[in-house]
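Q: Hi! Could you walk me through this structure?

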Amino acid sequence: SDVTQTPAMATNPVPLTRAPPIAVGRLPVLVDPAFTYTAADHALFEEQGFFTGEGFLTRDALPFLRAEVDHIYRENRGRAHSEWIMSIHQTLSADQNWMWAIASHPTLIALLQKHLGPDIVLFSTQLAIKPPHKGRAVPWHQDGERCRTVWIPLDDVTERSGGMRVQPGMHARGRLPFRRVRTVRDVERAEFFAQHHLFESDAAPGEQLGPGSVAERMRAGAIEIHHPSLPHMSGPNRTARWRRALILRYQPATEPIVGGAIVDWRDGSTFQKCNYLVCGTHPLLSGPET
């Protein structure tokens, strides 16, 4: 299957390259130019470990992106798990790469530079789709070491529809121990989530996950960004509505570059995951990304 590549991918043994060019003129305006991320927003993030903001996507973007995601869901036919359809940006054509248009948008990059510094790598993109009355509960967990996860819902999200629940402020306590496997069911669950590099967190001694947590209610087109040490989880979709979300993950250029095999939603084959420098410089690449 065809995967978006650049010449550097053929010669660089490390899965890192620059963002490929996209024909944005063929796409609707996706990110609202009026969206802002203020110093007060950043201060709140530092305190709570997450930020949610309304109106990140435009009104025209929502029906367009829903149609695109629905097409991928239908064509996937269960090849990749519907909540972990990965590396979409590597599978779309240059003139329709809406995932790249969002992931590399100057508004989002400027926001991320306040978190990660001037040199940023896009680590992964993901579709997380929970159809009506379906979807798997995702247990309490934390993300990578130094990264930022961006969560963009295409539908209004509540806890009942599979929205996230978070532990405000708990990111300041750092990494939690992983939950110990105690039963056969625990083993099955741990093996499933390990396939997606997700490892369930356990509360620190004398603490408990759950009490004090907050359910994130978000309107379609909003944006959420959270700290890697923020404990978060989501339940199944218990409503008659779809819960479609885009998930983007970024890391500073100082972090190790990790590849791996990705299941192609189009035909079930696999391809090599690649990381992309979206701004600044990287020691493995010559010259800055502009």
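A: Happy to. First a term: a salt bridge here is a side-chain nitrogen of Lys or Arg within 4 Å of a carboxyl oxygen of Asp or Glu. This is a predicted model, where local features need pLDDT of at least 70, side-chain atom pairs count only at pLDDT 80 or more, and totals for chains, interfaces and linings use all residues. Residues are numbered from 1 along each chain as its sequence is written, and side-chain values use heavy atoms, with hydrogens and water left out.

Q: How many salt bridges turn up in the whole structure?

A: The search finds 8. One of them joins the side chains of glutamate 83 and lysine 130, at 3.8 Å from N to O. Glutamate 83 is in the loop between α3 (61-76) and β3 (85-86) and lysine 130 in strand β4 (residues 120-130), so this pair ties together parts 47 residues apart in sequence. Helices (H or I, at least four residues) and strands (E, at least two) are DSSP runs, numbered from the N terminus.

Q: And is glutamate 83 buried or exposed?

A: Buried, with a relative accessible area of 4%. Lysine 130 is buried too, at 0%. The cut-offs are under 20% for buried, over 50% for exposed and partly exposed in between, using a 1.4 Å probe and protein chains only.

Q: What does arginine 244 pair with?

A: Its salt-bridge partner is aspartate 155, with the closest N and O atoms 2.5 Å apart. Arginine 244 sits in strand β11 (residues 243-252) and aspartate 155 in the loop between β6 (148-153) and β7, 89 residues apart. Arginine 244 is buried at 9%, and aspartate 155 is buried at 8%. Both belong to a salt-bridge network that also includes Arg66 and Asp70.

Q: Switching to sheets: what order do the strands of the open sheet take?

A: The 4 strands run β5-β10-β7-β8, with antiparallel pairing. At the edges are β5 (138-141) and β8, each pairing on one side only. Two strands count as paired if DSSP finds at least two bridges between them.

Q: Which residue in β8 is the bridge partner of arginine 165?

A: That's alanine 215. Arginine 165 also forms a salt bridge with glutamate 159, the closest N and O atoms being 2.7 Å apart. Glutamate 159 is partly exposed, at 35% relative accessibility.

Q: Last one: where does arginine 217 lie?

A: In the loop between β8 (214-215) and β9 (223-226). Arginine 217 is exposed, with a relative accessible area of 63%.
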